[in-house]
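Dear colleague,

Please find the structure below, together with its sequence. My notes on it follow directly after.

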Amino acid sequence: MKKALIIVDLQRDFCPGGALAVKDGDSIVPAVNSLAKSFDKVVATRDWHPKNHISFASNHPGKKVQEILKTGDIEQVLWPDHCVPGTPGAEFHPDLDQRTLDLIISKGTSPKLDSYSGFFENDHLTPTGLDGYLKNLGINDLAVCGLATDYCVFYTVMDAIKLGYKVDLVSDCVRGVDFPPGNVQERLEEMQKAGARIVASEDPA
Ligand code: VGL
Ligand code: ZN
């Protein structure tokens with residue numbers, strides 16, 4: 001059975017010192033590197049936002065970071081500018097072993113739409129191509145790790161389950177924003193309820 005590891009947004013801006021730092025975000029890198037060795041395919045997603053992106057509070061005069069913007073059906077949390085291509089913050093963490101990566105999926109590239117999930121943009125309609133890649137390879141078993149547990153990891157896991165994949169969430173290889181406080185625990189429980197298996201990277205798959 002072929003299986004793939006999805007490494008979500010292990011970028012400098014989500015690590016300590018970055019624009020949208022996740023506490024201890026960088027601490028998962030060594031475990032992610034060793035985990036990657038035991039998968040047939042390794043995919044990294046990356047947040048890849050134009051400067052005029054809808055999710056940046058700086059693009060909405062009078063709005064502050066972590067305020068919520070309602071646009072149609074979508075509730076958009078506003079963030080500091082982050083992961084703008086060409087800036088250091090958009091790069092993968094320098095210690096992430098990029099030699100293991102088979103595919104890189106950029107997401108959130110259109111100014112008007114955010115994309116937390118590695119599979120669909122936040123309209124839940126526009127695919128990133130990841131599902132097609134995996135299905136074409138006959139891969140049905142996924143493990144998901146990376147940043148942030150309660151945003152991009154969560155939405156990636158939930159979409160993967162909806163698309164019919166068997167999903168392991170690697171608990172020691174994720175870290176969360178935890179906004180609003182308690183969000184990480186709530187999202188972990190939601191993922192588990194939906195059918196994700198919470199595993200440790202040492203557990204045999
Ligand atoms: C993320 C907030 C905004 C993430 C991305 O990778 O979890 N969170 N953009
Ligand atoms: Zn983002």
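The chain of this predicted model contains four helices and eight strands. Read from the N terminus, its elements follow the order β-α-β-β-β-β-α-β-α-β-α-β. The radius of gyration is 16 Å, close to the 17 Å that the globule rule gives for 205 residues, so the chain is as compact as a globular protein of that length. Along the principal axes, the C-alpha atoms occupy a box of roughly 50 × 35 × 30 Å. Buried residues make up 43% of the 205. Of the contacts between residues at least 6 apart in sequence, 71% link residues at least 24 apart.

UniProt, in an unreviewed entry, assigns the feature "domain: Isochorismatase-like" to residues 4–203. That span is 20% helix and 22% strand, and its end C-alpha atoms are 16 Å apart.

The largest nonpolar core comprises 52 residues, and the members touching the most others are Leu 5, Ile 7, Val 32, Val 144, Cys 145, Val 153 and Val 157. At least two core residues come from each of strands S1 (3–8), S2 (41–47), S6 (141–147) and S7 (166–175), and likewise from each of helices H1 (29–36), H2 (130–136), H3 (149–162) and H4 (183–194). The greatest contribution is that of H3, with eight residues. Beyond its neighbours within four places in sequence, Val 32 contacts Ile 7, Leu 10, Leu 96, Cys 145 and Cys 173.

Ligand 1 has around it Asp 9, Phe 14, Leu 20, Asp 47, Trp 79, Leu 147, Ala 148, Tyr 151 and Cys 152. This shell consists of seven nonpolar and two charged residues, with no polar ones.

Leu 147 and Ala 148, both listed in the shell of ligand 1, are joined by a cis peptide bond with omega about -10°. Ala 148 belongs to the loop between S6 and H3. A cis peptide bond also connects Phe 179 and Pro 180, with omega about -15°; Pro 180 is in the loop between S7 and H4.

The loop between S7 and H4 also holds Asp 178, a non-glycine residue whose phi is positive, about 55°. Asp 178 counts as partly exposed, because it has 17 C-beta neighbours inside 10 Å. Cys 83, likewise not a glycine, has a positive phi near 50° and lies in the loop between strand S4 (74–77) and strand S5 (103–107). With 26 other C-beta atoms within 10 Å, Cys 83 is buried.

With kind regards

Conventions:
Residues are numbered from 1 along each chain as its sequence is written. Chains are lettered from A and ligands numbered from 1 in the order in which they are written. This is a predicted model: local features need pLDDT of at least 70, side-chain atom pairs count only at pLDDT 80 or more; totals for chains, interfaces and linings use all residues. A residue is near a molecule or strand if its C-beta atom, placed from the backbone, lies within 6 Å of it. Ala, Val, Leu, Ile, Met, Phe, Trp, Tyr, Cys and Pro count as nonpolar, Asp, Glu, Lys and Arg as charged, and the others, Gly among them, as polar. A nonpolar core is a set of buried Ala, Val, Leu, Ile, Met, Phe, Trp, Tyr and Cys residues joined through C-beta atoms within 7 Å. A residue is buried if 20 or more other C-beta atoms lie within 10 Å of its own, exposed if 12 or fewer, and partly exposed in between; C-beta atoms are placed from the backbone. Two residues are in contact if their C-beta atoms, placed from the backbone, lie within 7 Å. The radius of gyration is taken over C-alpha atoms; the globule rule is 2.2 Å times the number of residues to the power 0.38. UniProt positions are given in the numbering used here, feature names are shortened, and annotations may be inferred rather than shown by experiment.
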